[in-house]
Each structure stands twice: as structure tokens, then as C-alpha cells.
Amino acid sequence: MMSAPPGYLWFYETRGRYGCFSNFSRHPIYIEGVKWPTSEHYFQAMKFAPHSARDVEAVRYADSPAKAARMGRDRQRPLRRDWEAVKDDVMRVALRAKFMQHEDCKEILLATRGLYLVEHTVNDAYWGDGGYPDWSVERKGENFGKNMLGTLLTELRDDLLAGHASSSADDAADGQPAPEASCSAASPGGGPPSEPPAKKKKKERVQK
């Protein structure tokens, strides 16, 4: 079984030490006084907020995060027009609520200090890395997954280490972000968020 390259930490499954990094992990969150079974339930439901309360509640009561994900991807439901603009910030709200409200998860996240977190899966090239075995190697002409979930978790961890995160779980999960909302994060040293370790350039073959 392959392991992550130096400087990186892979996660994906809900099992094991880093299972809480998955949005499918069974850690309920409270946002604006409303309980969500998992961060996945909240994220998927926000695709229909605020114009379709019926769909929001249907997703909230889904009996599993997998079912909530399927419902959120159902294009028979009315996707909010600004979803692409706000989805990263919606995820930020969900992650901050989860790791501020669950001390055990927070401790596991903080213990990854110095590592760049990567959701390693072939199933997702936006939230995940697209399944590349070595995300640290730059391959000319190939599209890497964006790894947005790993990036946001890395930002949140650095924010927490810097002491910039609210000590109140309610404050951390207060409200749904507006389209223009952003989340700045600082490294433990007070500088910019952690960056992936420098990518190695793959030698180009000389064409003959």
C-alpha cells in the first residue's frame, strides 16, 4: 500500500486516526441552533438554501451522509444560482463548526502541524486530489485535483494554531457565508497559510 510523500498526510476513509477529516464522519454539528448529523449533511443542504426550505430539510433528515450527498447532487432539485461562488465558504463554515465543537477532532487536526493535508481519492478532483500517487511531483500537461478539502483543513489548522479562531463554537458556526465572504488563515508564525511542499519538477524527455 502506497503512503503519502514526505510533507503530506493522506486521508479519505472515515476509519482510522484521521477518519474525522472526512465529511462523512459521524460528528454532528450545530449551526445557528440547528443540528446537522454530519458536516456533509450541512454542506449538501446549503445547495438549496434559502429558496427551497423543503429540500434543505429533506437533506438534513437524510439517514446517512452518503444519502445526503446523493440528494445534494440530484439536479432535479433547484440548485442555488450562486453555488459555485459560495461553496468553498460553506465548507469553511461546516469544517470550523465541526472542529470547534468536537475537541477530540480538534486535537487530531492540530497534531498534524507541519503537514499538508490531502484528501487522496480518484473519486473527486475538486475536493480531493484526483488520486495521484505523488501529488508533490509536477507533471506537465496533467491536471491535478484541486484538493480543496485538504487545503481548507490545512488553513483551519493553521488558524487554530495561530490562535485566530474563535473560542466559541457558536461564533465559529454563526451564519451562512455571503457570496463575498472569505476566510483568511495564518500560519503558526503569523505569515500566510501553509503551502504544499515545493513540487519537484519532472525531467522532460528530449524528443528526437
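Three helices each supply at least two residues to the lining of the largest pocket: H1 (39-45), H3 (65-72) and H4 (83-101). Helices here are DSSP runs of H or I with at least four residues, strands are runs of E with at least two, and both are numbered from the N terminus. The model is predicted: local features need pLDDT of at least 70, side-chain atom pairs count only at pLDDT 80 or more, and totals for chains, interfaces and linings use all residues. Residues are numbered from 1 along each chain as its sequence is written, and side-chain values use heavy atoms, with hydrogens and water left out.

Stay with the pocket. On a 1 Å grid over the protein atoms alone, a pocket is an open set of points with protein on both sides within 12 Å along at least five of seven lines, and lining residues have an atom within 4 Å of a point. The volume of the largest pocket is about 560 Å³. Its lining has 25 residues, and Phe 24, Glu 40, Arg 73, Glu 119 and Asp 124 are the closest to the centre. H4 gives the largest share, four residues. By class, the lining has ten nonpolar, six polar and nine charged residues.

Now look at how helices pack. Two packed helices are described by the angle between their axes and the distance between the axes. H5 (residues 103-110) and H6 (residues 148-162) pack at about 95°, with axes 9 Å apart. H5 and H6 are therefore roughly perpendicular, a label for angles of 65 to 115 degrees. H5 brings Lys 106, Leu 109 and Leu 110 to the contact, while H6 brings Leu 153, Leu 156, Arg 157, Leu 160 and Leu 161. Contact means heavy atoms within 4.5 Å. These residues divide into six nonpolar, no polar and two charged.

Next come charges. The structure holds ten salt bridges, each a side-chain nitrogen of Lys or Arg within 4 Å of a carboxyl oxygen of Asp or Glu. One of them joins Arg 60 and Glu 57, at 2.9 Å from N to O. Both residues lie in H2 (residues 53-60), three residues apart, about one turn of the helix.

Finally, the backbone. Most residues other than glycine have a negative phi, and most peptide bonds are trans. Glu 32 is not a glycine, yet its phi is positive, about 55°. Glu 32 sits in the loop between strands S2 (29-31) and S3 (34-36). The peptide bond from Ala 49 to Pro 50 is cis, with omega near 0°. Pro 50 is in the loop between H1 and H2.

How values were computed:
Axes are lines fitted to C-alpha atoms, for helices over the stretch in contact, and angles run from 0 to 180 degrees between N-to-C directions. Angles under 35 degrees count as roughly parallel, over 145 as roughly antiparallel, 65 to 115 as roughly perpendicular and the rest as oblique. Ala, Val, Leu, Ile, Met, Phe, Trp, Tyr, Cys and Pro count as nonpolar, Asp, Glu, Lys and Arg as charged, and the others, Gly among them, as polar. On a 1 Å grid over the protein atoms alone, a cavity is a set of points where a 1.4 Å probe fits but cannot get out, and a pocket is an open set with protein on both sides within 12 Å along at least five of seven lines; lining residues have an atom within 4 Å of a point. Grid points are joined across faces, edges and corners, and a volume is the space filled by probe spheres set on the points.
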